[in-house]
Amino acid sequence: MKSSLLVGLLVLSSCASGPGLTPMEQDGLLIVTAAVDAPILFTMEKGGKAPELLVPIFQEYSKTPLVLHVVWRTAQAPRTEDLAQFGGRKIRQYWDAGAKTPSTEGKVRIQSNLIAIERLALRMGFARAAAFPIPN
């Protein structure tokens with residue numbers, strides 16, 4: 001009886017059209033009502049793969065107070081698989097269906113500067129942000 005109830009609950013939750021679940025160590029996905037303004041910001045314009053360098057290089061700064069804010073600027077809610085690409089305690093994710101947050105155009109905005117997603121540029125940007133932090 002319990003197993004059939006569990007299966008039914010799983011089927012219902014998989015058919016839901018709402019946003020996916022964020023990784024366990026993160027706060028839940030926030031739905032944007034006003035543009036997100038954060039010291040470190042990256043926008044995803046559509047579903048798909050996240051830049052492969054962004055999360056590993058950001059995780060090198062896990063002992064600093066830096067927080068990466070990821071804004072999904074998509075009409076459809078991001079799925080659990082999409083949100084799971086940005087795993088980590090110091091990452092916050094948002095869904096901005098109305099595109100209120102300005103696009104970072106495939107770059108990372110670190111303290112008002114758009115930084116290309118390249119090894120050296122990201123490391124220098126994160127290091128500068130860690131040395132001279134702006135409060136979240």
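Trainee: How many of the residues of strand 2 (residues 40-44) are buried?

Mentor: A word on the source: this is a predicted model, where local features need pLDDT of at least 70, side-chain atom pairs count only at pLDDT 80 or more, and totals for chains, interfaces and linings use all residues. Residues are numbered from 1 along each chain as its sequence is written, and side-chain values use heavy atoms, with hydrogens and water left out. Strands (E, at least two residues) and helices (H or I, at least four) are DSSP runs numbered from the N terminus, and buried means under 20% relative accessible area, exposed over 50% and partly exposed in between, with a 1.4 Å probe and protein chains only. For strand 2, which is mostly covered, the number buried is 5 of 5.

Trainee: Which residues of strand 2 point one way, and which the other?

Mentor: Leu41 and Thr43 share one direction, and the residues pointing the other way are buried as well. Those are Ile40, Phe42 and Met44.

Trainee: Which strands pair with strand 2, and in what sense?

Mentor: In general, strands of a sheet pair through backbone hydrogen bonds, either parallel or antiparallel. Two strands count as paired if DSSP finds at least two bridges between them. Strand 2 has 3 bridges with strand 5 (residues 108-110) in the antiparallel sense, with Phe42 opposite Val108. It also has 4 bridges in the parallel sense, and the partner there is strand 3.

Trainee: Which residues of strand 3 are the bridge partners of Leu41 and Met44?

Mentor: Leu41 has His69 as its bridge partner in strand 3. For Met44, the bridge partner in strand 3 is Trp72.

Trainee: What is the handedness of the β-α-β crossover from strand 2 to strand 3?

Mentor: The chain passes through helix 2 on its way between these strands. The test is to let the strands point away from the viewer: a clockwise path from the first strand over the helix to the second is right-handed. Here the crossover is right-handed.

Trainee: Is strand 3 largely enclosed or open, and why?

Mentor: On one side Leu68, Val70 and Trp72 are buried, and on the other His69 and Val71 are too. Because 5 of its 5 residues are buried, strand 3 is largely enclosed by the rest of the structure.

Trainee: How many bridges join strand 3 to strand 4?

Mentor: These two strands run parallel. Among the facing residues, His69 has Arg92 as its bridge partner in strand 4, and Val71 stands opposite Tyr94. The number of bridges is 5.

Trainee: How many aromatic pairs does a search of the whole structure find?

Mentor: Rings of Phe, Tyr and Trp (its six-membered ring) pair if their centres lie within 6.5 Å; planes under 30 degrees apart count as stacked, over 60 as edge-to-face and the rest as tilted. The search of the whole structure gives 4.

Trainee: How many residues apart are Phe58 and Phe126?

Mentor: Phe58 and Phe126 form an edge-to-face pair, 5.4 Å centre to centre with 75° between the planes. Phe58 lies in helix 2 (residues 54-59) and Phe126 in helix 4 (residues 119-131), so the pair links distant parts of the chain. Phe58 is buried at 4% relative accessible area and Phe126 at 0%. Their separation is 68 residues.

Trainee: Which residues do ring pairs link into a cluster?

Mentor: Trp72 and Phe86 form an edge-to-face pair, 5.9 Å centre to centre and 80° between the planes. Both are buried. The cluster consists of Phe42, Trp72 and Phe86.
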